[in-house]
Amino acid sequence: MAEIEGTMVIRAWVEPAHDHPLRARLISSRPGQDTEVVETVADPDAVLLAVRRWLDLLQPPESAPSA
């Protein structure tokens, strides 16, 4: 089993009547987090940024260089 893992679910749909028709809801969790994080966005770039932020949180802390 992985030492650091998390879950993200993305639900996306289109609402054609809006200026920005794409809608997405992202639900995520990660180690050490007591509750899920829910984000809603209306732009493809915002979806990608949210996923990138979440993936960055799953990275192990940088180890200090040894002397």
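**Reading burial, packing and pairing**

Mentor: Arg23 is found in strand β2, where strands (E, at least two residues) and helices (H or I, at least four) are DSSP runs numbered from the N terminus. This is a predicted model, in which local features need pLDDT of at least 70 and side-chain atom pairs count only at pLDDT 80 or more, while totals for chains, interfaces and linings use all residues. Residues are numbered from 1 along each chain as its sequence is written, and side-chain values use heavy atoms, with hydrogens and water left out.

Trainee: Is Arg23 buried or exposed?

Mentor: The terms rest on relative accessible area: under 20% is buried, over 50% is exposed, and partly exposed lies in between (1.4 Å probe, protein chains only). Arg23 counts as buried because its relative accessible area is 19%.

Trainee: Which residues does Arg23 touch, not counting residues up to four places away in sequence?

Mentor: A contact means heavy atoms within 4.5 Å, and by that criterion Arg23 touches Arg11, Ala12, Trp13, Glu15, His18, Val41 and Ala42, leaving aside residues up to four places away in sequence. The side chain of Arg23 also reaches the backbone oxygen of His20 at 2.4 Å; such a polar contact is a pair of N or O atoms within 3.5 Å, in which, within protein, one must be able to donate a hydrogen and the other to accept it, and residues adjacent in sequence count only if both atoms are side-chain atoms.

Trainee: How many salt bridges does the structure hold?

Mentor: Side chains of opposite charge can pair when their charged atoms come close. The cut-off for a salt bridge is a side-chain nitrogen of Lys or Arg within 4 Å of a carboxyl oxygen of Asp or Glu, and the structure holds two. In one of them Glu15 pairs with Arg23, with the closest N and O atoms 3.6 Å apart; Glu15 is partly exposed, at 27% relative accessibility. In another, the side chains of Glu39 and Arg53 meet at 2.6 Å, N to O. That pair links distant parts of the chain, since Glu39 is in strand β3 and Arg53 in helix α1, 14 residues apart. Both partners count as partly exposed, Glu39 at 22% relative accessibility and Arg53 at 44%.

Trainee: Which residues of α1 are buried?

Mentor: An α-helix has 3.6 residues a turn, so residues three or four places apart point the same way. In α1 the buried residues are Val47, Ala50 and Trp54. They cover an arc of only 65° around the axis, and therefore lie on the same side of α1; the arc is that of the directions from the helix axis to the C-beta atoms. On the other side of α1, Asp45, Leu48, Leu49 and Arg52 are exposed. The buried residues of α1 pack against β1 (7-14), β2 and β3.

Trainee: Which residues make up the largest nonpolar core?

Mentor: A nonpolar core is a set of buried Ala, Val, Leu, Ile, Met, Phe, Trp, Tyr and Cys residues joined through side-chain atoms within 4.5 Å. Here the largest consists of eight residues in all, namely Met8, Ala24, Leu26, Val41, Val47, Ala50, Trp54 and Leu58. The elements giving two or more residues to this core are β2 and α1, and α1 gives the most, with three residues.

Trainee: What caps the N-terminal end of α1?

Mentor: Asp43 does, with a side-chain oxygen that lies 2.9 Å from the backbone nitrogen of Asp45.
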